[in-house]
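Dear colleague,

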Amino acid sequence: MKNINLTEDQKDCLQEIINVAMGQASDQLARYLDTFVHLKVPSIEQVDSQCIIGALNSEDDRVAVVSQGFFGYEGVRGEALLIYQPKDSDKLADLLGYEPGELSVEEQIIDLSSILTTTFLNVFASQIENQMSYSAPRLLSSNKGAISEHIEQQSFNWDLALKVKITYQVTDYSFNCDMVLLIPESAINNITDVLDRILASF
């Protein structure tokens with residue numbers, strides 16, 4: 001597999017931008033839920049088209065996945081996936097403060113996913129002097145085949161992508177969810193130009 005060639009400085013710069021965006025998304029979620037949200041160190045790795053789905057670690061066929069595309073200036077684009085295990089999906093009503101029957105579990109999942117995705121990406125975009133627009137969030141079928149088919153239907157070239165995985169843990173509710181960003185190689189090439197501009201300003 002060929003590599004997405006980021007220099008060490010570019011990697012460090014991208015990691016810091018992701019850390020800041022992740023921290024602000026976590027803070028907003030904590031304020032929204034009035035509880036503490038713990039973050040793990042995000043992982044950043046390159047994946048090819050053959051292992052993108054396997055890299056999502058979605059081995060439970062009942063897992064819930066919400067997908068939302070994002071599009072910015074200068075060719076910055078990709079797909080954000082919010083991944084929930086069944087045991088966590090069942091806790092959403094208590095977590096979000098909904099009355100029983102007020103919203104379906106599917107609607108609750110989409111609500112929470114929208115908060116996390118847009119907050120993270122808006123902060124990410126502001127740091128690279130960009131602006132994001134989003135497709136409507138879409139709850140995917142719970143089987144891996146549907147997730148694979150959804151990724152293949154995107155207009156991006158997924159021969160090679162950068163995968164960013166962020167895990168949010170709400171300790172008071174023993175609730176976890178993963179945000180996985182897939183950024184295709186063409187978009188990474190554009191992001192590296194932005195990173196170089198940021199690095200040159202220091």
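Helix α4 supplies the largest share of the lining of the largest cavity, namely three residues. Please bear in mind throughout that this is a predicted model. The structure holds one cavity of 30 Å³ or more, and the space in the largest cavity comes to about 50 Å³. Its lining is formed by Leu14, Ile18, Phe70, Phe120, Leu121, Phe124, Val164, Leu181 and Ile183. Two or more lining residues come from each of α1 (8-33), α4 (105-127) and β8 (175-184).

In soluble globular proteins, nonpolar side chains tend to be buried together.

Apart from neighbours within four places in sequence, phenylalanine 120 is in contact with Ile18, Ala21, Met22, Ala25, Ile166, Tyr168, Met179 and Leu181.

I turn now to the charged pairs. Across the whole structure, four salt bridges are found, and three of them are described here.

Arginine 31 and aspartate 27 form a salt bridge through their side chains, at 2.8 Å from N to O. Both belong to helix α1, and because they are four residues apart there, about one helical turn separates them. Arginine 31 is exposed, at 64% relative accessible area, while aspartate 27 is partly exposed at 38%.

A further salt bridge joins the side chains of glutamate 45 and lysine 163 (3.1 Å, N to O). Since glutamate 45 lies in strand β2 (residues 43-48) and lysine 163 in strand β7, this pair ties together parts that are 118 residues apart in sequence. Glutamate 45 is partly exposed, with 37% relative accessible area, whereas lysine 163 is buried at 2%.

In the remaining pair to be described, aspartate 178 forms a salt bridge with lysine 165, and their closest N and O atoms are 3.8 Å apart. Aspartate 178 is in strand β8 and lysine 165 in strand β7, 13 residues apart, so that the pair links distant parts of the chain. With a relative accessible area of 19%, aspartate 178 counts as buried, because the limit for that class is under 20%.

Yours sincerely

Notes:
Residues are numbered from 1 along each chain as its sequence is written. This is a predicted model: local features need pLDDT of at least 70, side-chain atom pairs count only at pLDDT 80 or more; totals for chains, interfaces and linings use all residues. Side-chain values use heavy atoms; hydrogens and water are left out. On a 1 Å grid over the protein atoms alone, a cavity is a set of points where a 1.4 Å probe fits but cannot get out, and a pocket is an open set with protein on both sides within 12 Å along at least five of seven lines; lining residues have an atom within 4 Å of a point. Grid points are joined across faces, edges and corners, and a volume is the space filled by probe spheres set on the points. Contact means heavy atoms within 4.5 Å. Buried means under 20% relative accessible area, exposed over 50%, partly exposed in between (1.4 Å probe, protein chains only).
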